Amino acid sequence: MATAVNPYVAGGPVGGTVAFVGRADELSELARVLDGDQKRIALLTGTPGTGRTSLLTELAHVFEERGGLHPVRIDLHNRAWDPLDDVISRLADAVGRSLRITEPELGHWAENRFAERWLPLVLERIHEDDRIVLIFEEFPVVFDPRSRQASGAFLPWFAGLCEQFPDRIRAVFTTDLRLPDQEAVIRRYFHDLHRVELGVLDLAAAWGLVRMSHLDRSLQWSNAAVERVLDLSGAHPFLTQLLCASVWDRSRHEQPTGPRREVSAADVDTAVVDVIDAGTSVYEALWGGLPPACRVVAAAVAWQDEKAPEANRIAELLHTCGVRVVTRVLEHDAPRELRRQGLLSPDPRVLAFTVPLVRLWIRARRPLPDVLRDLDHIDPMAERLFQEAERLWQTAAHDGARRDAIAQLEEVLELNPNHAAATELLSVVHERRGDIDTALRYLERLFEAQPARARPKLVRLLLQKAHEEDVPERRVRWYERVLQVAPGHGEATRERARILEKPPAPAQAVKNRSRRPRAPDPTPAPRSVPKDPSRVSDVDAIRREPPPANSTPKWTPDATVRADDDRLARLYKAGVVALEKGDRDNALIHLGRVAAERPTYRETTRHLYRAVHDVDPKAPRPAGVSRGAFGGMAAVSVLLAAGLLVSVVTRPPTPDTHVQALTAAPEPTPEPTPAAEPAEPAVGSAEPPAPPPPEPEAPAPVDMGAPSKGTPTASAASLVAQGWKKLEDGALSEAEALFDAAVTRNPRSPDAHYSLAYAAEKLGSADTAYIHYCSALHYARPNTEVQRDVTGRLAAIGKTCD
């Protein structure tokens with residue numbers, strides 16, 4: 001008994017076989033055009049999988065049986081950049097093989113000899129009323145008459161050939177429906193072009209295709225199964241055959257011998273998973289041909305629970321998916337283009353996929369956060385401007401260039417408000433410039449659209465603001481915002497609970513009290529008064545509030561947070577006093593902190609130069625020193641101050657007692673005398689006795705902004721170690737934030753890049769993981785553990801670094 005063969009052919013042309021069904025109208029239309037005298041050129045267009053190649057194969061078979069038309073199929077795939085003479089030689093070879101003619105040979109100078117000598121001799125070999133039909137499959141063309149390459153020079157040459165032999169030459173061009181510019185270029189040279197568009201099969205042909213197995217009785221289909229197949233495939237030729245082939249294979253596997261049971265709708269649903277995987281080439285081709293805005297809209301529609309949402313809800317759907325601003329391109333142009341390509345129903349009232357299998361593939365293979373990255377590429381002008389701004393920022397050598405980069409990035413957001421990369425880069429730029437509040441605003445804006453992308457950096461900056469805040473109530477607000485962004489964050493949860501459990505401090509705390517106990521106050525204590533509920537402290541109010549919910553309401557930093565001018569004044573005075581006393585190390589520390597927060601504060605740059613070079617730039621120019629050399633020394637001071645902006649800002653704040661000790665300007669130290677017993681303070685005294693002077697501190701090492709060999713690497717290693725501890729505890733977001741800080745601290749650390757990539761992979765950010773895996777591989781030394789680990793992870797995710 002002969003083994004049954006799967007009658008469903010998915011992927012190959014079926015023209016000229018019994019598997020070719022339908023398309024009778026398209027065949028008759030092409031035959032009428034090519035056999036008539038009014039039009040000479042036909043254009044066959046359609047999306048991938050609609051059967052253009054099968055239709056051309058069937059057309060050639062019909063012409064061969066009818067006679068009078070000699071079809072010549074020419075495959076010029078990947079020949080667009082060949083010289084014109086080479087393409088003409090291939091054309092002559094194809095015509096000779098089709099007509100079984102070996103002479104005459106074309107020889108050299110093909111462009112002139114083909115029309116002048118070769119083609120007239122070939123036409124003499126066939127009947128004087130016969131015509132040659134040239135069928136060009138997927139030949140890309142461009143409008144460039146001066147080009148000598150085939151893509152630009154072939155159409156003008158072929159148009160002249162058709163004018164020279166108007167009754168003997170006919171041609172069929174095939175193009176992808178997603179490339180309308182191809183049709184426009186062909187129509188420039190052939191104004192009488194006749195267009196034939198292929199779509200899905202009609203209902204009768206689709207039923208015949210599904211029941212193809214009835215011809216050899218290898219499988220029987222119930223009406224419900226046929227309807228289910230067409231509901232899923234939308235009568236798309238390739239996907240219908242693929243689904244039927246999968247059902248046929250499953251049926252033969254379950255029941256190799258004996259009579260086959262009838263296929264049910266449940267059997268079709270079971271095969272859908274196989275079709276999602278097996279049809280990847282067609283799905284990818286359909287998806288890859290969509291403009292960025294169409295991909296965003298298609299994903300937004302596919303990820304809705306409704307299969308056919310109303311078209312007037314497109315803005316609401318996009319907002320729900322994370323699109324911050326719905327532009328006209330997204331709301332009107334993209335749905336129109338999706339309908340033109342046949343992916344959405346032509347009914348303008350609904351947003352429904354014509355092929356539901358495409359919707360299922362998008363939900364299975366295109367996560368919405370990944371698709372939203374295409375929002376950056378919707379406006380080509382904005383994307384070019386962003387690339388220029390990014391390059392300007394990376395190569396900026398002075399603050400003016402950085403300001404220009406910021407201006408260009410803001411212009412990018414005016415052109416494309418949804419440009420996430422520009423928003424993220426603006427947050428980085430402002431953070432590097434020390435403007436944390438503005439960086440937070442841009443990260444909050446990014447968090448509204450793409451939470452996973454903004455969360456690590458946003459959490460890190462929010463924690464930084466919380467650490468810098470002195471008022472407990474405000475620190476609680478910062479920690480609560482961290483918990484809104486990253487629910488369950490360990491540090492924010494602990495610190496918030498610690499502050500709320502701690503009793504409020506008195507309004508005026510007295511520091512550095514004498515160790516000797518004071519005499520009791522004879523004034524009787526006032527009687528306790530019931531607390532007025534209208535006068536409750538902020539800490540009490542916060543303590544009664546429930547913990548923050550897992551929502552992300554719109555939030556902006558507290559407007560009351562402002563620069564502490566008194567603290568800057570104390571630091572500045574401490575630096576100047578230390579400088580006058582000759583203590584240049586402490587002067588660098590205090591003045592560097594001022595420069596890191598406010599570089600233009602008073603004469604900070606001048607005194608920094610004094611602390612480094614022991615020369616006052618405002619002093620008269622010494623004799624013998626040229627004006628240019630002295631000006632160069634002053635310029636160096638500005639560069640040193642810029643270096644201190646990066647190095648000193650990471651230092652822990654200097655204790656106020658140290659600042660006070662430097663600003664106190666103590667009297668000259670007298671001769672040592674026996675210590676006298678401090679006097680007993682008077683009863684009821686308002687002020688305590690003055691505290692003893694603090695112990696002198698060892699001067700901290702001065703960081704001049706140059707990359708040291710130990711400190712950055714050690715800091716990055718410490719952050720990496722903390723991150724892995726968080727990772728072991730299951731706090732992925734906290735670990736990613738620590739790894740990101742380690743990469744910022746030392747961009748050349750392979751451990752930091754590998755750790756950040758691993759955390760990003762666990763959080764589902766494949767692109768970020770791939771970038772940092774490659775960075776780790778770049779900076780890792782050969783034959784090290786990091787290199788082996790990175791190579792293993794890349795192999796696990798199936799990627800390589802070029």
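How are helices α22 and α32 oriented to each other? In this predicted model, α22 (residues 451–468) and α32 (residues 732–745) pack with their axes 9 Å apart and at an angle of about 75°. Angles of 65 to 115 degrees count as roughly perpendicular, and α22 and α32 are therefore roughly perpendicular to each other. The contact is formed by Arg455, Pro456, Lys457 and Arg460 on the α22 side, and by Ser733, Glu736, Ala737, Asp740 and Ala741 on the α32 side. By residue class, the contact of α22 with α32 comprises five charged, three nonpolar and one polar residue.

Nonpolar side chains tend to be buried together in soluble globular proteins. The largest nonpolar core of the model contains 67 residues. Within this core, the residues with the most contacts are Trp221, Val268, Leu318, Leu330 and Ile362. Helix α13 (residues 292–302) supplies the largest share of the core, with nine residues. When neighbours within four places in sequence are set aside, the contacts of Ile362 are Trp287, Ala298, Ala299, Ala302, Trp303 and Phe353.

Just after α28, Asp614 adopts a positive phi of about 60°.

Note on methods: Residues numbered from 1 in each chain as written. Predicted model: local features only at pLDDT ≥ 70, side-chain atom pairs only at ≥ 80, totals over all residues. Heavy atoms only, no water. Axes fitted to C-alpha atoms, helices over the stretch in contact; angles between N-to-C directions. Helix = DSSP H or I, 4+ residues; strand = E, 2+ residues; numbered from the N terminus. Parallel < 35°, antiparallel > 145°, perpendicular 65-115°, else oblique. Contact = heavy atoms within 4.5 Å. Nonpolar A, V, L, I, M, F, W, Y, C, P; charged D, E, K, R; others polar. Core = buried A, V, L, I, M, F, W, Y, C linked by side-chain atoms within 4.5 Å. Buried < 20%, exposed > 50% of the residue type's maximum accessible area, 1.4 Å probe, protein only.
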